[in-house]
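Okay, everyone, thanks for coming. Let me put the model up on the screen, and then we'll walk through it together.

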Amino acid sequence: MTRSVRRNRRMLQVTGVSTAALLALSACSSSESNSTKSDTSASASTSPKLSGTVTVFAAASLKESFTTLGKEFEKAHPGTKVTFSFGGSDTLAAQITGGAPADVFAAASPKTMKIVTDKKDAVGTPATFVRNQLEIATLPGNPDKVASLKDLTKSSLKVVLCDKTVPCGAAAQKALDASKLKLTPVSYEEDVKSALNKVVLKEADAAVVYKTDVKAAGSKVQGVEFPESADAINDYPITVLKDAPNAEAAKAFIALVQSAEGQKVLTEAGFLKP
């Protein structure tokens, strides 16, 4: 065999190896590309686009902050709509256990949430997302010089409380019992907004409500803090409901409430961190 022939054979062998390597690399690259596309496709399929209506039953004291978060949710998820039913937590709980269609329940106390969990109408364990503290709401300028919880027991004052079955009313009663004070209000209201409105309309001189409600009312009332409120702070739990018509969107709304953005809105409204 001549030297020239041997040289040509070596070149063919090298070329064959290089071609095989290139083909292997090409196949590997193609496989990785297909795998990446497959992973991306799988990821997309596990995160479906949210749509439809999310129905939220929430304590009356959450009205302002939840309305803001509802708008943020709709903006972040085009094609969705958040509708709210605000009221006394006990009334909302009774409606839920009675079959009212809803996706999310946010209560103003663990006790009222228990009405729902006892009937196994909640998914999983409700999570506390904020806390709230009581404050006295007086007429602007505080003309009656209310400075303490004891001042509300004066017979000359018309004072309004939330009904004892409502978290706000139960907390107020707890503070009064701890202080060994007896107070006979001119009326018991079905929720905290109704109690506050009595003062706003000047139908009452004062009401025991939440700090968040005093803040939301602005100049329409004046707030008076009292130390006994520290012993009657309410935890607010939230949950997806068992028969939620839009469970995926319900989970996403709760995630927004618990997010840094959601907590910022709630904190600015006067709520305490959980």
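So, G88: buried or exposed? It's buried, with a relative accessible area of 5%; buried here means under 20% relative accessible area, exposed means over 50%, and partly exposed is in between, with a 1.4 Å probe and protein chains only. You'll find G88 in the loop between strand 2 (80-87) and helix 3 (89-97). Helices and strands are DSSP runs numbered from the N terminus, with helices being H or I of at least four residues and strands being E of at least two. What does G88 touch, once its neighbours within four places in sequence are left aside? E190 and D191, where contact means heavy atoms within 4.5 Å. Its C-alpha is also 5.7 Å from that of A59, and those two residues are 29 apart along the chain.

A quick word on the ground rules. This is a predicted model, where local features need pLDDT of at least 70 and side-chain atom pairs count only at pLDDT 80 or more, while totals for chains, interfaces and linings use all residues. Residues are numbered from 1 along each chain as its sequence is written, and side-chain values use heavy atoms, with hydrogens and water left out.

Another glycine, then. G70 sits in helix 2 (residues 63-76), and it's buried, with a relative accessible area of 1%. Leaving out neighbours within four places in sequence, G70 contacts V82, F84 and F253. Between the C-alpha atoms of G70 and K81 there are 8.0 Å, with the two residues eleven apart along the chain.

Now zoom out. The protein has nine helices and ten strands, and of its 274 residues, 41% are buried. Take the contacts between residues at least 6 apart in sequence: 78% of them join residues at least 24 apart.

On to the inside. The largest nonpolar core has 65 residues, and the ones touching the most other members are L62, F66, F129, L134, L152 and Y236. By nonpolar core I mean a set of buried Ala, Val, Leu, Ile, Met, Phe, Trp, Tyr and Cys residues joined through side-chain atoms within 4.5 Å. Which helix gives the most to this core? Helix 8 (residues 247-258), with six residues. Take L152 as an example: beyond its neighbours within four places in sequence, L152 is in contact with I136, V146, L157, V159, L183, A206 and V208. Apart from that core lies another one, of eleven residues, including F57, L92, A93 and L241.

Cysteines, briefly. C162 is buried at 1% relative accessibility, and C168 is buried at 1% too. There are zero disulfides in the structure, counting a disulfide as a pair of cysteine sulfur atoms within 2.5 Å.

The largest cavity has a volume of about 50 Å³, and of its 13 lining residues, A59, A60, S89, A108 and V166 lie nearest its centre. The largest pocket comes out at about 290 Å³. It's lined by 18 residues, with S109, K111, P167, A170 and N234 nearest its centre. Helix 4 (110-118), helix 5 and strand 10 (234-240) are the elements that give two or more residues to that lining.

For the record, the search runs on a 1 Å grid over the protein atoms alone: a cavity is a set of points where a 1.4 Å probe fits but cannot get out, a pocket is an open set with protein on both sides within 12 Å along at least five of seven lines, and lining residues have an atom within 4 Å of a point. Points are joined across faces, edges and corners, and a volume is the space filled by probe spheres set on the points.

Next, T165, in the loop between strand 6 (159-162) and helix 5 (167-178). T165 is partly exposed at 49% relative accessible area, and it touches D90 and T112, not counting residues up to four places away in sequence.

K145 has a positive phi of about 55 degrees although it's not a glycine, and it's exposed at 60% relative accessibility. K180 also has a positive phi of about 55 degrees without being a glycine; K180 is in the loop between helix 5 and strand 7 (187-189), exposed at 77%.
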